[in-house]
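Visitor: I'd like a close look at one part of this thing, please. Start with the whole chain, then zoom in and stay there.

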Amino acid sequence: MPNLDEIKEQIESVKGNSKLSKMSEVKELPKILLSQERITEIAKGRYNKTPGIIVVTDSRVILLTKVLFGGSKTEEFTFDKITSIENEKVPPLLLGKIKILAMGNEAFIDNMDYEESRLITALIRESISRPKEVGNQTPENTPNKADAFTKLEKLNELYEKKIITETEYQAKKSELLSSI
């Protein structure tokens, strides 16, 4: 778990010389963040009708507010559980409001600077649309099935036109089929 000074450094690197690192909610983050987790964005707003913060890390979104007698209320959403994210400009002050939908759960943070709410919404939207890793395959080394089928068709044409031998055809065919 990162300590408070490390978290403040992360906030400063994301927001510059920000007053956010001095907010009381930030003092709760060492209990919440995982050891390798990095803050990618943070903003203040109102969560559950109480002043709070929204923290976007490299793996999840955290909504945090302080409650009476020194406690805090936290709601966390990993990117793979978020099904929808919305942003709107709310009159009369034209402040930002973010709505997060995650597996039937709904959370709001409002009274935000509208530009910050747009930035955070875009960041979350990008994070939830990123392809997930499957086993040890990353998106870069996952075979494209449509591409493999196209190559098989082309390989078959080459074989039928007697441009390649049956041995070459079988070897390449096996290789392509194993990549699907």
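Guide: For the charge tally, Lys and Arg count as positive, Asp and Glu as negative, and His and the chain ends are left out. Each charge is placed at NZ of Lys, CZ of Arg, CG of Asp or CD of Glu. On that basis the chain carries 28 positive and 29 negative side chains, with the centres of the two sets 4 Å apart. Keep in mind that this is a predicted model, where local features need pLDDT of at least 70, side-chain atom pairs need 80 or more, and totals for chains, interfaces and linings use all residues. Numbering starts from 1 along each chain as its sequence is written, and side-chain values use heavy atoms, without hydrogens or water.

Now the overall layout. The chain has 5 helices and 7 strands (DSSP runs numbered from the N terminus: helices are H or I with at least four residues, strands E with at least two). The C-alpha trace spans about 80 × 40 × 30 Å along its principal axes. Of the 180 residues, 33% are buried, meaning under 20% relative accessible area, with exposed over 50% and partly exposed in between (1.4 Å probe, protein chains only).

Let's zoom in on strand E2, residues 50–57. Because 6 of its 8 residues are buried, E2 is largely enclosed by the rest of the structure. E2 has partners on both sides of the sequence, and strands count as paired if DSSP finds at least two bridges between them. Strand E1 (residues 39–47) runs antiparallel to E2 and is joined to it by 8 bridges; here Ala 43 sits opposite Ile 54. The two make a hairpin with 2 residues between them, and Asn 48 in that turn has a positive phi of about 55°.

Asp 58 lies in the loop between E2 and E3. Its relative accessibility is 38%, so Asp 58 counts as partly exposed. Leaving aside residues up to four places away in sequence, Asp 58 touches Gln 36, Glu 37, Arg 38, Thr 40 and Phe 79, where contact means heavy atoms within 4.5 Å. Gln 36 is 22 residues away along the chain, yet the C-alpha atoms of Asp 58 and Gln 36 are separated by 9.4 Å.
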